[in-house]
Number of protein chains: 6
Amino acid sequence: MNRAVVNRHVVVRRVPRVAAEVLAGLASAGVSTVHEADGRRGALDPALRPIQTGARVAGSAVTVSCHPGDNLMIHAAVEVCAPGDLLVVTTTSPSTDGMVGELLAISLSARGVVGVVLDAGVRDVAELRAMGFPVWARAVSPRGTVKASPGSVNVPVVCGGQSIAAGDAVVADDDGVVVVPHSRANSVLSAARARLESETAKRARLAGGELGVDMYELRPLLDKLGVVYVDEAP
Amino acid sequence: MNRAVVNRHVVVRRVPRVAAEVLAGLASAGVSTVHEADGRRGALDPALRPIQTGARVAGSAVTVSCHPGDNLMIHAAVEVCAPGDLLVVTTTSPSTDGMVGELLAISLSARGVVGVVLDAGVRDVAELRAMGFPVWARAVSPRGTVKASPGSVNVPVVCGGQSIAAGDAVVADDDGVVVVPHSRANSVLSAARARLESETAKRARLAGGELGVDMYELRPLLDKLGVVYVDEAP
Amino acid sequence: MNRAVVNRHVVVRRVPRVAAEVLAGLASAGVSTVHEADGRRGALDPALRPIQTGARVAGSAVTVSCHPGDNLMIHAAVEVCAPGDLLVVTTTSPSTDGMVGELLAISLSARGVVGVVLDAGVRDVAELRAMGFPVWARAVSPRGTVKASPGSVNVPVVCGGQSIAAGDAVVADDDGVVVVPHSRANSVLSAARARLESETAKRARLAGGELGVDMYELRPLLDKLGVVYVDEAP
Amino acid sequence: MNRAVVNRHVVVRRVPRVAAEVLAGLASAGVSTVHEADGRRGALDPALRPIQTGARVAGSAVTVSCHPGDNLMIHAAVEVCAPGDLLVVTTTSPSTDGMVGELLAISLSARGVVGVVLDAGVRDVAELRAMGFPVWARAVSPRGTVKASPGSVNVPVVCGGQSIAAGDAVVADDDGVVVVPHSRANSVLSAARARLESETAKRARLAGGELGVDMYELRPLLDKLGVVYVDEAP
Amino acid sequence: MNRAVVNRHVVVRRVPRVAAEVLAGLASAGVSTVHEADGRRGALDPALRPIQTGARVAGSAVTVSCHPGDNLMIHAAVEVCAPGDLLVVTTTSPSTDGMVGELLAISLSARGVVGVVLDAGVRDVAELRAMGFPVWARAVSPRGTVKASPGSVNVPVVCGGQSIAAGDAVVADDDGVVVVPHSRANSVLSAARARLESETAKRARLAGGELGVDMYELRPLLDKLGVVYVDEAP
Amino acid sequence: MNRAVVNRHVVVRRVPRVAAEVLAGLASAGVSTVHEADGRRGALDPALRPIQTGARVAGSAVTVSCHPGDNLMIHAAVEVCAPGDLLVVTTTSPSTDGMVGELLAISLSARGVVGVVLDAGVRDVAELRAMGFPVWARAVSPRGTVKASPGSVNVPVVCGGQSIAAGDAVVADDDGVVVVPHSRANSVLSAARARLESETAKRARLAGGELGVDMYELRPLLDKLGVVYVDEAP
């Protein structure tokens with residue numbers, strides 16, 4: 001019997017974390033800018049929404065794969081979290097059950113975890129908002145879960161339609177969530193900063209009434225694509 | 001011809017209400033705690049969301065079954081409502097039309113109704129928020145409804161995937177909605193209170209850094225389930 | 001080769017705008033009232049939600065049809081917008097990508113556009129809320145778009161399941177979005193005002209405890225439809 | 001501690017079955033006719049689809065409530081099934097996992113069960129079609145389930161949005177699934193037969209070119225409702 | 001009071017039909033080819049699926065707008081149908097109820113109607129398949145409808161996300177449904193035929209092993225877009 | 001500027017293929033058995049459905065990542081396909097457009113490709129069924145696509161919620177689709193064969209009337225979990 005098939009449930013203790021200042025830079029740039037800076041890659045399914053407004057965080061991913069309706073492995077994951085981490089939870093089949101609530105949030109806060117992204121449900125949202133502990137989830141649901149089935153921590157998971165590995169940079173704000181692979185975090189931050197700078201100038205020009213079709217020089221493209229200007233509808 | 005088949009539309013006047021202090025206790029415990037206390041039963045579909053934040057209510061259910069796109073029976077239901085009741089509305093086919101708006105909310109408030117749960121749509125949400133009248137609904141929709149088709153009041157309905165009978169305790173807050181059958185309301189309140197007490201101690205331990213895997217004694221279970229700890233990903 | 005088939009991408013410059021005072025009246029009446037006043041027509045899919053609370057606007061529609069994942073034509077549309085217009089964007093296939101963000105909002109604001117309705121996604125929502133620029137969209141998504149494919153401006157589009165032509169009156173608030181054809185804008189405003197007046201009296205009667213079944217004289221209808229009143233469930 | 005709260009998982013052995021000839025009559029009438037005959041009640045969510053074409057069955061319901069991703073209780077249910085029963089399976093949270101496959105179908109066939117209705121997933125559909133064992137399900141999914149969590153057999157469940165109790169008559173064919181409460185099965189069969197007879201005559205008249213507006217005498221209704229006939233669009 | 005607002009329900013008797021040979025040509029070309037030939041316009045939501053396989057029809061649209069859960073106006077529409085027409089049905093709010101069944105299909109067949117497209121549900125699908133009467137619908141549902149609410153016939157409707165006017169050419173097959181405005185039917189047929197001819201040659205070249213990147217001369221485009229060929233993953 | 005960020009679009013020519021006899025073995029075992037044999041991993045979203053019945057294939061994955069509404073990269077992928085490969089297509093944002101049709105299927109067949117799995121739409125399904133070319137897709141849609149935007153071939157993609165790398169074994173049949181990482185293909189085949197053997201014996205026992213609760217020895221588990229047998233509902 002093949003060992004790889006049998007030993008499918010592991011908790012991996014070591015996470016290749018992203019430097020705190022890089023995470024701070026990515027959080028400051030925000031999800032939409034980071035997504036552009038990485039060549040429009042890594043955005044999670046927009047169905048994963050924040051339960052609060054105004055939060056903007058970035059952390060090194062600690063990933064958790066759970067059986068649906070079962071949050072046992074989230075409890076196992078807390079131990080391997082370090083300050084600055086962000087917990088990423090998915091289930092092996094789709095589920096909206098409330099896998100994280102106030103007690104887990106207290107425990108995660110005590111470890112310095114900066115937030116949670118769940119491809120599943122969250123509960124105790126009034127308490128979480130009061131605590132200021134940010135969560136992005138597919139659903140808000142009072143349905144609690146059992147602690148009965150095995151799973152894994154810090155193996156690569158698919159969450160919100162994106163592959164996420166332990167140690168990837170995950171950025172989350174009001175626009176949603178984006179993942180940047182650990183190996184690209186630095187270069188994406190540089191690209192994000194360049195992008196932010198160029199946007200400052202653009203912002204002023206557009207506010208002054210300049211048109212995007214002129215600023216981005218889109219008129220030749222429109223013409224080439226066969227877009228015709230007419231005074232009245234044909 | 002069988003009478004049960006013919007007389008399908010009834011308004012039942014009497015509702016076996018839950019005692020006010022029990023309802024107050026359930027509202028205070030909150031939806032997620034009540035759901036756990038009843039053995040993880042009774043949570044409505046998380047697609048039914050509050051239109052406001054911070055409301056936390058419980059009431060005896062007055063149930064309404066409507067034709068889609070028609071709120072005639074909600075008008076019929078108002079008369080049988082008493083202070084402390086919570087209106088539960090469903091349609092015989094899925095609908096997102098706005099079946100309850102400001103005028104009905106004023107009328108329900110005048111009867112002492114504490115809120116509405118709709119497996120359908122709500123409208124006039126700005127006015128309802130200003131009034132402080134809480135609503136949980138599947139959709140917000142400006143589409144008003146006609147008053148043309150028969151239905152029933154206080155017959156058992158399925159709302160948000162749960163069976164609800166007249167007089168059941170319905171609890172609703174930011175986490176969603178849960179129903180507790182009338183016969184179990186007292187015992188579920190006792191179980192909820194026991195649960196809340198035990199959580200106070202847990203909260204302090206977790207805030208102090210104790211791990212859930214230790215507090216809940218999950219390590220033997222993880223081991224038995226074959227979860228293996230490793231330093232590096234395999 | 002047929003010209004109608006070939007020249008499918010046009011930007012129509014002229015828009016038959018609705019008078020500013022009519023738009024102001026429709027905005028003041030609100031979406032749900034306007035929908036009723038127009039014979040319960042024109043409400044867009046409730047899946048198009050506001051990203052803010054409390055906004056209530058009306059504008060003459062400037063319509064944009066885009067390729068999914070491509071916002072080139074929105075840039076082309078800005079030039080034909082005038083103060084008081086409302087931008088209506090749709091895609092030729094369903095898409096949730098963030099087609100409008102802060103830069104476009106700045107540009108649209110500079111033109112006097114009062115808001116955007118998107119049958120697609122929006123991004124930079126924290127910035128848009130801070131600017132007070134109102135948007136109704138199917139999704140919030142950080143996924144930016146390319147500027148590569150042709151489309152049309154001010155041709156009739158289907159947005160949120162409703163046909164919208166350039167110059168139609170579009171009203172949007174917390175209840176959603178409704179479109180009123182340009183030719184009916186005046187008469188619908190009259191009907192909306194009549195409706196608002198009649199509601200003032202109703203509001204007072206219902207607050208005083210009068211029942212809707214009496215006020216609307218629904219008891220004969222309930223009887224005719226065979227709805228039977230009983231004390232106990234059958 | 002309250003017993004009703006604690007003992008939540010039961011297997012009820014006795015099922016009040018519907019007579020075989022009544023079930024045969026309901027199956028022969030078909031789902032849509034039965035639904036009409038019962039006053040347009042009891043139709044399950046159309047998302048529950050047959051995996052085969054042409055099957056038309058009716059059985060006394062044996063109900064099963066499972067934890068999502070866990071089919072332990074289906075195994076427990078087989079023992080209480082008798083010839084002519086139809087298995088109705090639901091989960092406490094939404095799930096599409098394949099809870100029934102070839103082996104369970106063989107076992108159910110050996111007990112004389114006539115089919116399965118699942119508010120969840122089915123697998124081995126090629127084998128089930130080859131066996132001629134009919135299934136209606138929300139999804140086809142290869143994801144098998146564990147056997148780890150408790151649930152109940154023959155307690156009332158909500159399946160496809162309808163309440164179903166053990167012993168209710170469940171009818172299923174290409175149109176979907178309908179449930180008739182045990183107490184109404186006889187009267188609904190009578191009403192269904194009356195309906196079938198009246199349709200034979202209608203079929204001939206319509207085939208001969210008679211219009212429904214004449215046959216059902218709808219012209220006065222259309223007139224009363226304000227429907228106006230015009231030659232050209234207004 | 002404005003007449004346009006009041007008289008909202010009309011049955012328009014005259015339909016500007018498309019010539020039979022044009023319809024035959026469009027049906028023969030098929031939905032996907034027609035969609036391409038019209039500049040990739042007019043495809044209805046893929047959620048509208050055929051209940052049969054192998055049908056390929058085209059007809060002049062007779063449009064029907066119904067209240068959800070009410071098929072009264074379909075009965076009114078039959079009278080204005082002529083041989084070669086195709087019935088297009090939509091509801092003012094989303095609905096999956098079975099609005100067309102065997103009896104209506106018999107009646108429509110007697111009028112020479114070639115099929116039905118429903119942005120709603122269909123029932124009696126076994127009987128419809130046996131009759132060979134083709135239907136495309138959003139759902140199969142046994143839930144029948146009432147005949148109580150007004151609507152319109154042959155006014156422009158939105159069906160499956162596309163605007164359809166009476167007399168437009170509607171083509172439907174296993175790929176779904178496409179609408180071609182009446183004014184473009186001839187030119188689209190010409191374009192479809194040209195397309196079919198060009199595909200015959202392409203089919204042979206591709207079957208012979210020629211690559212699409214060569215046949216369509218895509219290599220320069222790939223190069224210009226920055227697509228790089230490598231032997232191993234980076 | 002970082003090269004990893006800039007060069008985001010690549011076509012990787014080399015694919016680490018799975019041996020033909022292993023693929024044949026996996027196809028023969030079928031999707032549901034393979035899923036179990038790999039520890040219940042790798043099943044794609046059940047929303048990806050076959051357009052035909054009875055097909056059962058396995059191939060080495062050639063992966064394609066496309067812009068929504070654009071199939072340029074599928075054309076680029078054909079060249080790197082070899083006999084026995086299976087094409088896996090995804091889009092960077094959700095799309096149901098028909099990205100593969102008859103012409104591409106002819107071209108892929110000419111290369112020996114055994115089938116296509118699309119997290120998007122397919123068209124020309126009548127022709128594909130006639131050719132016997134199997135496809136699994138999220139939608140059937142006549143909406144064709146443009147050839148304008150870059151993407152990648154043989155980079156890791158997420159398709160139907162699962163990570164798939166070039167050279168992974170993909171198995172597809174009437175139950176859906178499962179992916180097995182290249183490194184586990186051999187061991188999973190062994191486990192699948194062991195499973196098939198054990199099922200033969202179980203099949204006979206269950207057909208003979210033995211109960212699953214006895215055969216799997218589930219009675220002690222049910223007892224331990226607190227499941228109580230009663231004669232009547234409590």
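1. A polar contact here is a pair of N or O atoms within 3.5 Å; within protein, one must be able to donate a hydrogen and the other to accept it, and residues adjacent in sequence count only if both atoms are side-chain atoms. By that rule, chain F and chain A share three residue pairs in polar contact, both residues at pLDDT 80 or more. Salt bridges (a side-chain nitrogen of Lys or Arg within 4 Å of a carboxyl oxygen of Asp or Glu) number zero between chain F and chain A.

2. Basis. This is a predicted model, in which local features need pLDDT of at least 70, side-chain atom pairs count only at pLDDT 80 or more, and totals for chains, interfaces and linings use all residues. Residues are numbered from 1 along each chain as its sequence is written, chains are lettered from A and ligands numbered from 1 in the order in which they are written, and side-chain values use heavy atoms, with hydrogens and water left out.

3. Chain F with chain D. Contact (heavy atoms within 4.5 Å) involves 42 residues of chain F and 38 residues of chain D. The pair buries about 3400 Å², 58% of it on carbon and sulfur atoms. Buried area is the accessible area (1.4 Å probe) that two parts lose on being put together, summed over both.

4. On the chain F side, H7(F) gives the largest share, six residues. That side has 20 nonpolar, seven polar and 15 charged residues. Nonpolar covers Ala, Val, Leu, Ile, Met, Phe, Trp, Tyr, Cys and Pro; charged covers Asp, Glu, Lys and Arg; the others, Gly among them, are polar.

5. Chain F with chain A. Each chain puts 15 residues into the contact. About 1300 Å² is buried between them, 59% of it on carbon and sulfur atoms.

6. Chain A. The C-alpha trace spans about 65 × 45 × 40 Å along its principal axes.

7. Ser93(E). This residue lies in the loop between strands E4 (85-91) and E5 (98-100) of chain E. Beyond four places in sequence, Ser93(E) touches Asp97(B), Arg143(B) and Pro68(E).

Technical notes:
Helix = DSSP H or I, 4+ residues; strand = E, 2+ residues; numbered from the N terminus.
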